[in-house]
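Have the model open beside you and go through the points in order.

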Amino acid sequence: MNVKVKEIRENPEKKISPVIGYFPSGFDPVKNLEESTSQSGVSSVKVYKNAKRNPKNPRLEVVVGVGGSAVNFVGTSYSGEARTPQLCNFALGVLDKNTGVLKMVPIAANKIFRLEPKVPGVEQPENESRDAEKEADTYEERSEKFMNATRMYSTKKNIRRDEKRVTLRRTEDVGVQEGMEQKLEGIKVNMEALVEAVPSTANARNIPPHNLDANEVEMAYPLDKIILKGEWDYLQDIFDKLHGGSELAQDVYPSFVLNRAHSLQNIKNESSRRKMAGILSYITHLIRFKDRHSMDGVSSTKFHRLPSILSQKFSTMFASTTDKRLPQHKQDLLISYVLVLSLFADDFRSDPSDITRDLRMNPLTLRTHYESLGCKFVRENMSLVATLPVPLTFQTIKIKRKRQK
């Protein structure tokens with residue numbers, strides 16, 4: 001049948017939502033309910049509410065009386081099972097077959113009440129009411145108060161930390177962990193994926209996106225993964241200046257770019273010439289972004305203009321939210337990007353002398369960065385030139401293990 005779902009929102013000011021409970025003792029509340037002479041069924045259902053402590057989330061207590069018995073079944077929304085982490089919301093659905101409308105109503109306190117048998121005045125110690133008062137603030141209420149205070153007065157770092165902590169605590173529910181070991185035993189481990197994941201410690205290598213199966217040197221580090229399609233429109237400054245007959249300012253562009261700008265005129269195809277100019281422009285922006293966040297190179301960025309689209313990208317990829325200087329691992333990643341693009345500019349036979357000066361690095365230190373990219377050095381005209389053999393092969397990263405005491 002076709003059913004139309006109608007959601008009825010909770011309105012505690014006018015009427016209380018339906019109360020859902022269960023009897024873990026095995027008591028059947030509808031047993032012999034149709035027999036008028038039966039005294040074993042439910043005689044009364046009472047709901048008590050205390051809205052003084054938290055009007056938005058009042059404490060509820062349900063008392064179910066049994067006819068002909070002194071035993072009452074009592075359940076609360078603030079103690080016992082109700083205090084465990086809750087990972088879902090509950091609702092009650094009522095289907096009218098005549099109209100085909102399914103009404104969904106939220107239940108009271110969003111809790112399923114566990115109705116335990118209680119004998120008034122017998123099973124309740126004198127200090128039980130005092131203990132109940134001490135438990136007035138439930139786990140959820142205390143967490144909510146703490147989170148509200150954190151959001152109002154604490155830092156963003158602490159807010160994110162507490163949100164992660166709440167999420168982890170929710171997953172500690174016993175019901176979530178039940179049977180987890182049996183499920184894990186049935187999972188087939190893909191060892192090939194694990195083997196591939198070990199050398200893919202790109203965070204440790206700090207290298208741009210790469211293709212280990214590439215047989216062509218241009219595809220070892222795909223250029224479209226480094227310079228995105230929408231960024232090329234913001235890399236036309238070098239092409240426009242040279243095409244207009246202007247020279248590149250020495251106080252704006254690094255020496256690597258200045259030494260190769262003249263070679264652009266030798267590229268006959270305009271599309272290829274525009275592409276190479278864009279690569280040189282991207283190298284300029286990377287180097288100046290590094291200079292802007294360093295003590296010894298900030299003066300070189302005085303006349304440099306970084307497009308906003310690249311500024312946002314570089315800040316996300318390389319910068320730190322707490323320090324103006326670049327973290328060392330982020331700086332290493334930026335250098336890797338610069339070196340890969342310099343290989344593109346030099347047709348994958350690059351003399352690192354000028355890029356070493358632009359990056360303000362020691363030649364031996366920079367050589368380790370080249371080697372982490374899979375480069376090999378060959379001697380050419382009394383100088384060392386960095387090349388990129390394919391397919392890529394990386395040096396094994398040795399991870400030091402702590403000695404067991």
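1. Of the contacts in the protein with a separation of 6 or more, 61% are between residues 24 or more positions apart, where contact means heavy atoms within 4.5 Å. The protein has 405 residues, and 33% of them are buried; here buried means under 20% relative accessible area, exposed means over 50%, and partly exposed is in between (1.4 Å probe, protein chains only). There are 16 helices and twelve strands, taken as DSSP runs (H or I, at least four residues, for helices; E, at least two, for strands) and numbered from the N terminus.

2. Some housekeeping before the details. This is a predicted model, in which local features need pLDDT of at least 70 and side-chain atom pairs count only at pLDDT 80 or more, while totals for chains, interfaces and linings use all residues. Residues are numbered from 1 along each chain as its sequence is written, and side-chain values use heavy atoms, with hydrogens and water left out.

3. Now find helix H12 (residues 270-292) and helix H14 (residues 328-345). Their axes come within 10 Å and cross at roughly 155°; the axes are lines fitted to C-alpha atoms, for helices over the stretch in contact, and angles run from 0 to 180 degrees between N-to-C directions. H12 and H14 are therefore roughly antiparallel to each other (under 35 degrees counts as roughly parallel, over 145 as roughly antiparallel, 65 to 115 as roughly perpendicular and the rest as oblique). On the H12 side, the contact includes Met276, Ile279 and Leu280, and on the H14 side it includes Gln331, Leu334 and Ile335. By type, the residues of this contact are 15 nonpolar, two polar and one charged. For that count, Ala, Val, Leu, Ile, Met, Phe, Trp, Tyr, Cys and Pro are nonpolar, Asp, Glu, Lys and Arg are charged, and the others, Gly among them, are polar.

4. H14 also meets helix H16 (residues 363-372), with axes that come within 10 Å and cross at roughly 75°. H14 and H16 are therefore roughly perpendicular to each other. Asp332, Ile335, Leu339, Ser342 and Leu343 of H14 make this contact with Leu366, His369 and Tyr370 of H16. The contact residues divide into five nonpolar, two polar and one charged.

5. Which residues of helix H13 (residues 308-317) are buried? They are Leu310, Lys313 and Phe314. Seen down the axis of H13, these buried residues fall within an arc of 95°, so they line one face of the helix; the arc is that of the directions from the helix axis to the C-beta atoms. Helix H9 (223-226) and H12 are included in what covers them. Ser308, Gln312 and Thr316, on the other side of H13, are exposed.

6. The backbone has a few spots to check. Most residues other than glycine have a negative phi, and most peptide bonds are trans. In the loop between H14 and strand S10 (349-350), Asp347 has a positive phi near 55°. Phe348, in that loop between H14 and S10, has a positive phi of about 65°. Asp347 counts as exposed at 57% relative accessibility, whereas Phe348 counts as buried at 8%. Further along, a cis peptide bond joins Val390 and Pro391, with omega about -5°; Pro391 is in the segment after S12.

7. Strand S12 (residues 383-387) holds Thr387, which is buried with a relative accessible area of 10%. Leaving aside neighbours within four places in sequence, Thr387 is in contact with Phe348, Arg349, Cys375, Lys376 and Val378.

8. Asp354, in helix H15 (residues 353-359), is buried at 5% relative accessible area. Asp354 is 96 residues from Leu258 in sequence, with their C-alpha atoms 9.9 Å apart. Not counting residues up to four places away, Asp354 touches Ser255, Phe256, Asn259 and Arg260. Leu102, in strand S7 (residues 101-106), counts as partly exposed at 23% relative accessibility. Leu102 and Glu7 are 95 residues apart in sequence and 8.3 Å apart, C-alpha to C-alpha.
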